[in-house]
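Subject: Structure for you to look at

Hello,

I am passing on a structure that you have not worked with before. Please have it open while you read the notes under it.

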Amino acid sequence: MTEPFDAPDVIATKRDRKRLSDEQIDWVVDAYTRDVVAPEQMSALAMAILLNGMDRDEIARWTDAMIASGERMDFSGLSRPTADKHSTGGVGDKITLPLAPLVAACGVAVPQLSGRGLGHTGGTLDKLESIPGWNASLSNEAMMAQLDDVGAVICAAGSGLAPADKKLYALRDVTGTVEAIPLIASSIMSKKIAEGTGALVLDAKVGSGAFMKSEADARELAETMVALGTDAGVTTVALLTDMSTPLGLTAGNAVEVAESVEVLAGGGPADVVELTLALAREMLAAAGKPDIDPAEALADGRAMDVWRRMIAAQGGDPDAALPQAKESHVVIAPTGGTLTRLDALGVGVAAWRLGAGRSRPGEQVQAGAGVVLNAKPGDTVSDGAALMTLHTDEPERFERALAALDGAYDIDAEPGSVPDGSASIVLDRIG
Ligand code: URA
């Protein structure tokens with residue numbers, strides 16, 4: 001077949017800061033999916049987009065082209081309304097794990113198509129795969145049946161759903177092209193629109209551990225995604241949430257599953273509980289059930305019941321012991337005082353380097369690798385106390401993980417400059 005464009009011309013258009021035409025966008029996304037555009041060409045284009053941006057119409061067209069690369073699902077036959085949430089990615093962001101069963105326990109079905117780790121941020125599927133037996137891949141029929149029966153599914157997007165994003169996501173992960181608003185917005189929204197959810201709540205993260213470091217960028221990303229969703233007929237809202245310090249006390253795979261189970265059991269760190277409930281309230285409201293209080297379903301064990309059924313339905317054993325890393329290293333507080341800063345990016349990169357994430361496409365992640373924090377900003381630490389513990393199966397990884405933590409925290413011996421521990425993690429709402 002004769003191709004209507006050449007990849008070098010399309011790359012040069014964006015390199016020269018020009019707008020890509022609708023036809024160029026449709027072609028390059030489709031041709032990349034068909035392996036006609038080579039990965040190195042798409043990497044160059046992704047880098048040109050990262051550096052030179054796209055306008056709203058280009059982003060909308062790119063999103064449509066990614067949706068058109070595959071199938072669209074339809075949940076309208078279910079007896080319950082559907083709502084999904086998607087995070088733009090953070091450190092220790094395990095919220096999907098308690099959130100999906102919680103919202104399902106409140107009568108709204110949650111079809112949660114999740115991804116793997118991207119850069120220094122963890123992936124929900126990588127986390128859940130640390131549960132013995134749990135299977136991320138479901139057929140569309142199995143997903144529908146589980147939604148009908150259990151009310152919640154967390155699984156990998158099938159190969160038929162936005163295949164262009166699947167390829168591009170893996171490519172961006174290893175080519176330094178993750179942090180581009182047009183690419184993040186179109187990646188997330190193509191999957192969510194193709195998935196066919198009725199309502200969508202976006203968790204747009206801001207801060208060092210997020211892809212968007214400034215509130216202005218996170219707001220622009222959130223507004224772009226809300227507009228894409230609304231235009232596609234999906235009730236879409238976004239919360240801007242703080243990602244300057246890790247969420248909860250864990251960053252990794254099995255360690256985050258364990259913390260999520262604590263939340264479902266009625267405990268867990270306050271910030272994880274707060275964000276889980278805030279997102280649950282938004283999902284219930286967006287799905288037409290604004291009067292249901294999700295805190296009750298968390299407290300009375302209904303959310304835990306759905307979790308257990310959800311894990312078992314995908315072959316997992318909710319009672320099995322979670323894998324533990326072979327080696328650990330304790331990071332000691334060099335002085336006593338108040339922990340005034342604990343940088344999310346430093347902790348995320350440390351967890352990644354310990355083996356919780358990947359640095360080559362398709363690499364196996366370590367289930368037990370990660371960081372467990374003993375203190376969060378605002379806590380008092382004593383000189384020589386354990387600040388955090390690093391876990392990995394390969395002790396040669398400690399050195400680079402420790403390097404990522406160099407300068408990642410401040411301990412102030414003088415009382416006074418204590419961060420406000422009561423500040424809400426939710427900074428704003430868009431939509
Ligand atoms: N999550 C996605 O699905 N895609 C991105 O590009 C970033 C986060």
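This is a predicted model: local features need pLDDT of at least 70, side-chain atom pairs count only at pLDDT 80 or more; totals for chains, interfaces and linings use all residues.

Helices α9 and α10

Helix α9 covers residues 181-195 and helix α10 covers residues 215-231. The two pack at an angle of about 35 degrees, and their axes are 10 Å apart. Their crossing is right-handed. On the α9 side, the contact is made by I181, I184, A185, I188, M189 and I193. On the α10 side, D217, E220, L221, T224, M225, L228 and G229 take part. Sorted by class, this contact has nine nonpolar residues, two polar ones and two charged ones.

Helix α4

Helix α4 is made up of 13 residues, 56-68. From its first C-alpha to its last it reaches 18 Å, close to the 18 Å expected at 1.5 Å a residue. The N-terminal end of α4 is capped by D55, which has a side-chain oxygen 3.1 Å from the backbone nitrogen of D57. Within α4, the residues E58, I59, W62, T63, A65, M66 and I67 are buried. What do these buried residues of α4 pack against? Their partners are α1 (7-15), α2 (22-33), α3 (39-52), α8 (163-173), α9 and α10.

T96

T96 belongs to helix α5, which spans residues 96-105. Is T96 buried or exposed? Its relative accessible area is 5%, so T96 counts as buried, the cut-off being under 20%. The side chain of T96 is joined to that of K85 by a polar contact of 3.3 Å. If neighbours within four places in sequence are set aside, T96 is in contact with K85, P101, Q112, S114, T124 and I154.

Two residues with positive phi

Most residues other than glycine have a negative phi. R17 is not a glycine, yet its phi is positive, at about 65 degrees. R17 sits in the loop between α1 and α2. With a relative accessible area of 67%, R17 is exposed. D35, also not a glycine, has a positive phi of about 70 degrees. The loop that holds D35 is the one between α2 and α3. D35 has a relative accessibility of 59% and therefore counts as exposed, since the cut-off is over 50%.

Regards

Note on methods: Residues are numbered from 1 along each chain as its sequence is written. Side-chain values use heavy atoms; hydrogens and water are left out. Axes are lines fitted to C-alpha atoms, for helices over the stretch in contact, and angles run from 0 to 180 degrees between N-to-C directions. Helices (H or I, at least four residues) and strands (E, at least two) are DSSP runs, numbered from the N terminus. A crossing is left-handed if the near helix is turned anticlockwise from the far one by less than a right angle, and right-handed if clockwise. Contact means heavy atoms within 4.5 Å. Ala, Val, Leu, Ile, Met, Phe, Trp, Tyr, Cys and Pro count as nonpolar, Asp, Glu, Lys and Arg as charged, and the others, Gly among them, as polar. The expected span of a helix is 1.5 Å times one less than its number of residues. Buried means under 20% relative accessible area, exposed over 50%, partly exposed in between (1.4 Å probe, protein chains only). A polar contact is a pair of N or O atoms within 3.5 Å; within protein, one must be able to donate a hydrogen and the other to accept it, and residues adjacent in sequence count only if both atoms are side-chain atoms.
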